[in-house]
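Hello,

Here is the structure I promised to pass on. Please open it alongside this note; my findings follow below.

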Amino acid sequence: MQGEVIVKGTKSGNERVVVLPPTIIEELRRHKDLQKEQRAMIGSKLRGESWICAEPDGRMFTVKGLGSGFYHLAKEAGIVVTLHGLRHTWVTEQLAAGVPSETVQKRAGHATIAFTHDRYGHAQPRHQEAAVAVSENLMHPKPRIQVLG
């Protein structure tokens with residue numbers, strides 16, 4: 001199988017659609033234009049699919065090559081992180097910012113909400129504070145002021 005590219009579905013077997021912010025879509029368009037220019041300059045003909053992360057001739061990077069390249073670029077920028085570590089950071093930050101667990105679970109491609117909660121529950125400390133505030137309000141409701149007019 002050396003040199004053969006096998007594109008597989010997701011681990012859960014379900015299709016995943018992820019909505020991207022407009023700034024990312026625009027950046028991807030610029031990247032695609034840059035790839036076309038680079039291929040034209042080196043006289044490279046596109047072989048097969050056109051991947052976002054690709055060799056100059058359009059071939060897909062290997063998983064190992066992509067991860068290694070990303071790690072070295074990040075290190076040059078003074079950041080020590082792997083692609084997988086970046087994924088963990090993304091999920092943690094989404095949950096910490098209050099994005100609903102179900103949304104994060106679907107965007108991350110986790111098979112179950114239980115996995116997301118078990119793995120990243122620590123990222124939701126504000127949810128505990130919110131639960132305490134609701135309980136306090138139920139036990140000691142603040143009087144509501146009614147304006148008559």
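Along the sequence, the pattern reads α-α-α-α-α-α. That makes six helices and zero strands. Bear in mind that this is a predicted model.

Some overall figures come next. Of the 149 residues in the protein, 14% are buried. The accessible surface is about 12400 Å², and carbon and sulfur atoms account for 60% of that. Take the contacts between residues at least 6 apart in sequence: 27% of them join residues at least 24 apart.

Now to one helix pair. Two packed helices are described by the angle between their axes and the distance between the axes. Helix α4 covers residues 101-108, and helix α5 covers residues 113-120. Their axes come within 9 Å and cross at roughly 100 degrees. An angle of 65 to 115 degrees counts as roughly perpendicular, so α4 and α5 are roughly perpendicular to each other.

Which residues meet there? From α4 come S101, E102 and Q105; from α5 come I113, T116 and H117. By class, this contact has one nonpolar, four polar and one charged residues.

T116 deserves a look of its own. This residue lies in helix α5. Is T116 buried or exposed? Its relative accessible area is 1%, and buried means under 20%, so T116 is buried. The T116 side chain makes a polar contact with the side chain of H110, at 2.7 Å. Leaving aside residues up to four places away in sequence, T116 touches L95, S101, Q105, H110 and G121. Of these, S101 and Q105 are also among the α4 residues that meet α5.

Best wishes

Conventions:
Residues are numbered from 1 along each chain as its sequence is written. This is a predicted model: local features need pLDDT of at least 70, side-chain atom pairs count only at pLDDT 80 or more; totals for chains, interfaces and linings use all residues. Side-chain values use heavy atoms; hydrogens and water are left out. Helices (H or I, at least four residues) and strands (E, at least two) are DSSP runs, numbered from the N terminus. Buried means under 20% relative accessible area, exposed over 50%, partly exposed in between (1.4 Å probe, protein chains only). Contact means heavy atoms within 4.5 Å. Accessible areas come from the Shrake-Rupley method with a 1.4 Å probe; for residues, only the protein chains shown count as cover. Axes are lines fitted to C-alpha atoms, for helices over the stretch in contact, and angles run from 0 to 180 degrees between N-to-C directions. Angles under 35 degrees count as roughly parallel, over 145 as roughly antiparallel, 65 to 115 as roughly perpendicular and the rest as oblique. Ala, Val, Leu, Ile, Met, Phe, Trp, Tyr, Cys and Pro count as nonpolar, Asp, Glu, Lys and Arg as charged, and the others, Gly among them, as polar. A polar contact is a pair of N or O atoms within 3.5 Å; within protein, one must be able to donate a hydrogen and the other to accept it, and residues adjacent in sequence count only if both atoms are side-chain atoms.
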